[in-house]
Amino acid sequence: MRAVVYKGPEKVAVEEVDDPKIEHPADAIIRLTSTAICGSDLHMYEGRTVEKPGKILGHEPLGVIEEVGSAVYSYKKGDRVVVNFNVACGHCMNCVMGFPSACLTIRSETAGGAFGYAKMGKYAGAQAEKLRVPFADFNCTKLPGKPNDKWEHDFVMLADIFPTGFFATKLAFVMPGFPVAVFGAGPVGLLAAYSAILQGAGQVFVVDHIPERLKLAKSIGAIPIDFTMSDPVAQIEALRAEFSVVDTLLPGEEKIESLMSSISKLAGSAGIQLDVDRSDPVKVIQALRAVNPMVAQSLLPGEEKMKGVMSGIDAVGYQALDRDDPSRENPTQVISDLVRLINPTGHLALIGVYTADDPGAANAHARKGEFMLPLGELWEKGMTVGTGQTPVKNFIILLRDLIIAGKANPGFIVSHRISFDEVPDAYRKFARREGGYTKVIIDPAK
Ligand SMILES: NC(=O)c1ccc[n+]([C@@H]2O[C@H](COP(=O)([O-])OP(=O)(O)OC[C@H]3O[C@@H](n4cnc5c(N)ncnc54)[C@H](O)[C@@H]3O)[C@@H](O)[C@H]2O)c1
Ligand SMILES: [Zn+2]
Ligand SMILES: [Zn+2]
């Protein structure tokens, strides 16, 4: 079969390799109909993990069961399935406690395994025509429909990034009405924002510098923030200050003319003469805010201090770009920004990857994943911090059913569907995030 093989930093090749075989009675072999490239694959592609050349990459598989081992009892040939990126047994203590991401039996070194990933066991990856799935009863999730139907791109998002975006909102304790900031508008950040919106979050800000990605954020109702314009923390705080007034407007009052009449009325009743440039909505809103008794009335003294967000999500990880000079990395840029932005008692989710072995890091500490952090401010604000691999199985069934019910379409982020021949070029472009490469799906039949 054909498969995408890691050949060393910035090199992948599509090679003929042996077909996978049933190695254990609980295995299944899946023929893939869609298999995605993930931002996580780029850590290996860029030589920023300890992975050696030779591994088949990929961990986002969707397909049809081709063969099952004698112990597989829930699935048969022909079933359509999505496979979670974690490889887990389903019966160890951690799996049973809801952490299949930290399965204790799946590899000898430590907890947790994954397909096609550095330091996650010897499991071959999913960017191939076929995949061997251990403990298939646990690691597959059954799907309706047929290959290449209207759900194909929504369903392949279930292998990793839709549950990962959703898990980020759980780590960040997103609640209805909470203001949320997501740093990173890659697939994970976009689906974290999408998950927050699905759960009724208040304002959801998405920070990045790539126009196509910020546009996608806007298309789902998030507020795009370009970090190259100015400090994103200051941008979000300014918008939060305006929000309290926009929030109190009656339907139609967002129109500038009616805003102006509200302002005049309010100003008049307060005995204030206003002279505001009507073509500038920000000034209009500020003026309204200045005279709007509803704003003053809705805040108790001191509440103006909650000017940031309650939930902050780092969907970037250790390869974060420096804001002042985006041509270089600054691994703690996003954590530092979020610690400033999150309100006292708020919640920080680090869903972007940090690793303890980064051969390509700038210095000896960073090579071990050791960084300077604003721990004092984090502690003084009483923040919670959540991290780690997503336990995909915990969310996959509920998110699948949201898709089937027509209430979620995570496939909106897919930008390219390509053949194996196009894979090396796609890795190059995706790594540079150029040409609108947001989420790339490989079609093994193409
Ligand atoms: N925890 C998990 O289980 C899990 C699962 C999947 C992916 N991930 C990780 O999530 C992260 C994001 O994945 P992705 O597929 O969306 O990757 P991606 O690389 O496509 O997206 C990252 C985005 O962050 C932006 N960015 C860089 N520096 C920034 C900064 N200083 N401020 C704001 N934005 C900045 C980039 O422009 C890019 O758009 C990666 O680290 C990936 O490994 C974690
Ligand atoms: Zn992934
Ligand atoms: Zn287990």
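This is a predicted model: local features need pLDDT of at least 70, side-chain atom pairs count only at pLDDT 80 or more; totals for chains, interfaces and linings use all residues.
Residues are numbered from 1 along each chain as its sequence is written, and chains are lettered from A and ligands numbered from 1 in the order in which they are written. Local features need pLDDT of at least 70 and side-chain atom pairs count only at pLDDT 80 or more, while totals for chains, interfaces and linings use all residues.

Around ligand 1 there are 35 residues, of which Gly39, Ser40, Gly184, Gly186 and Gly317 come nearest (a residue is near if its C-beta atom, placed from the backbone, lies within 6 Å). Two or more residues each are given to this shell by helices H1 (39-45), H5 (161-171), H6 (187-198) and H12 (333-341) and by strand S9 (204-208); helices (H or I, at least four residues) and strands (E, at least two) are DSSP runs numbered from the N terminus. H1 gives the most, with 4 residues. Domain 1 (2-160 + 390-442) and domain 2 (163-232 + 306-387) each supply at least three residues to the shell, the bounds coming from an automatic or database domain assignment. By class, the shell holds 17 nonpolar, 13 polar and 5 charged residues (nonpolar: Ala, Val, Leu, Ile, Met, Phe, Trp, Tyr, Cys and Pro; charged: Asp, Glu, Lys and Arg; polar: the others, Gly among them).

H5 also packs with helix H15 (residues 393-404) at an angle of about 110 degrees, the axes lying 9 Å apart. Axes are lines fitted to C-alpha atoms, for helices over the stretch in contact, with angles from 0 to 180 degrees between N-to-C directions. H5 and H15 are therefore roughly perpendicular (65 to 115 degrees). Phe162, Pro163, Phe166 and Phe167 of H5 meet Phe395, Ile396 and Leu399 of H15, contact requiring C-beta atoms, placed from the backbone, within 7 Å. This contact of H5 with H15 has 7 nonpolar, no polar and no charged residues.

The axes of H5 and H6 come within 7 Å and cross at roughly 60 degrees.

Notes:
Angles under 35 degrees count as roughly parallel, over 145 as roughly antiparallel, 65 to 115 as roughly perpendicular and the rest as oblique. Two residues are in contact if their C-beta atoms, placed from the backbone, lie within 7 Å.
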